[in-house]
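Please examine the sequence and the model shown here. The explanation is meant to be read alongside them.

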Amino acid sequence: MEKLKVVVYAISKNESKFVSRWVNSMKEADEIIVLDTGSEDNTVAKLKELGVKVYEHVFYPWRFDTARNESLSYVPKDTDICVCTDLDEVFEPGWREILEREWVKENPTRARYNFNWKLDEENRPCVNFWINKIHNRSDYHWHHPVHEILVSNKEEKEIEVPITLNHYPDATKSRGSYLPLLEISVAEEPDDDRNLHYLGREYMYYQKWDKCIETLHKHLACKNATWKDERCASMRFLGRAYEAKGYLEEAENWWQRAIEEAPYLREGYIELANLYLKEERYEEAYNIMQKASSIKEKSKSYINEEFAWNDAFYDIFSLASFYTGHYEEAINYVKKAIEINPNEERYQKNLELMMPYSFEV
């Protein structure tokens, strides 16, 4: 098989705790390059000790795309495959051989692969989707101050590669820069549908409900906002914002619209069913959850959310079943919730309350 040059590149700041694990995962590459953007711990020293080529540059003002483009500039021009990762990410072993084999076979410009964005304590994926941060050397650059994306100046050929990257984030790190950077991003490109969605979502995280609503409406009105999964998510977030403001009919309307927009995604059904439970509209909640349960495949986009596939799903279905007299189903679903999350005391109490209704008692 033809031998290709594979180079991993990254940016870092105060990542000392991750250095050894990350380098061990990335060492299948021919070279590892890191641009440190101002670490105050021993990240740089540890990287150098492990043979990583390190450059240093502190950016004012900070932008992710500027930093990533500079880090890419240090990748040798004769590199065949560039692999961009972060230091809190780990490839499953053997990734390089698989990547190189598929690259030689297909001769692409870019590759997508599985990203386990969140894993549980047993290292089982909770949230996973495709990402595509592997690319050739000559045709790409990073764009947007935050939630940066790879942009090509030529026609792309993307392949799917059966490798997995796992994410083990530092929960103590702040996301505080994201909101102002997203506001800058939208100011720079007000018609960029992706960034409007991200900004609306960020306002939701900060409970800035009016700004969230205004921005998500702009996203849905944007002529480029055609991806149904993302439109569905904006509609669901509008439902959350209107519910938080006390406009429950409007919230219900947006969750119904989310389902109509992308009926193949579970999330909208579950959020609507949860509203029906709160309003004691149990038959409607049960019927909606039955429809949600018929969806067996999780989306491979970043839109999928954990609550649609974990114990929360079975908790809501259990309650909807119990209050509509489907007692055996209710008991079955709460047992599944307990199996996934045995530490939730409420599930155990619900099971105790439901058991007298079982035909098996």
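The model is a predicted one.

Helix H8 comprises residues 228-244, 17 residues in total. From its first C-alpha to its last it reaches 24 Å, close to the 24 Å expected at 1.5 Å a residue. Of these 17 residues, 13 are buried, so H8 is largely enclosed by the rest of the structure. After H8 comes Gly246, which has a positive phi, near 90°.

Helix H11 is formed by the twelve residues 282-293. At 1.5 Å a residue, H11 should span 16 Å, and this agrees with the 16 Å that separates its end C-alpha atoms. The buried residues in H11 are Ala285, Tyr286, Ile288, Met289, Ala292 and Ser293. Because these residues cover an arc of only 165° around the axis, they lie on the same side of H11. Their packing partners are four helices: H9 (248-261), H10 (267-278), H12 (311-323) and H13 (327-340).

Helix H13 also contributes to the second largest pocket, where H13 and strand E7 (125-135) are the elements that give two or more residues to the lining. The space in this second largest pocket is about 540 Å³. Its lining consists of 16 residues, and those nearest the centre of the pocket are Asp120, Arg124, Cys126, Ile340 and Asn341.

Note on methods. Residues numbered from 1 in each chain as written. Predicted model: local features only at pLDDT ≥ 70, side-chain atom pairs only at ≥ 80, totals over all residues. Heavy atoms only, no water. Expected span 1.5 Å × (residues − 1). Buried < 20%, exposed > 50% of the residue type's maximum accessible area, 1.4 Å probe, protein only. Arc of directions from axis to C-beta. Contact = heavy atoms within 4.5 Å. 1 Å grid on protein atoms, 1.4 Å probe; cavity = no way out; pocket = protein on both sides within 12 Å on 5 of 7 lines; lining within 4 Å. Points joined across faces, edges and corners; volume = space filled by probe spheres on them.
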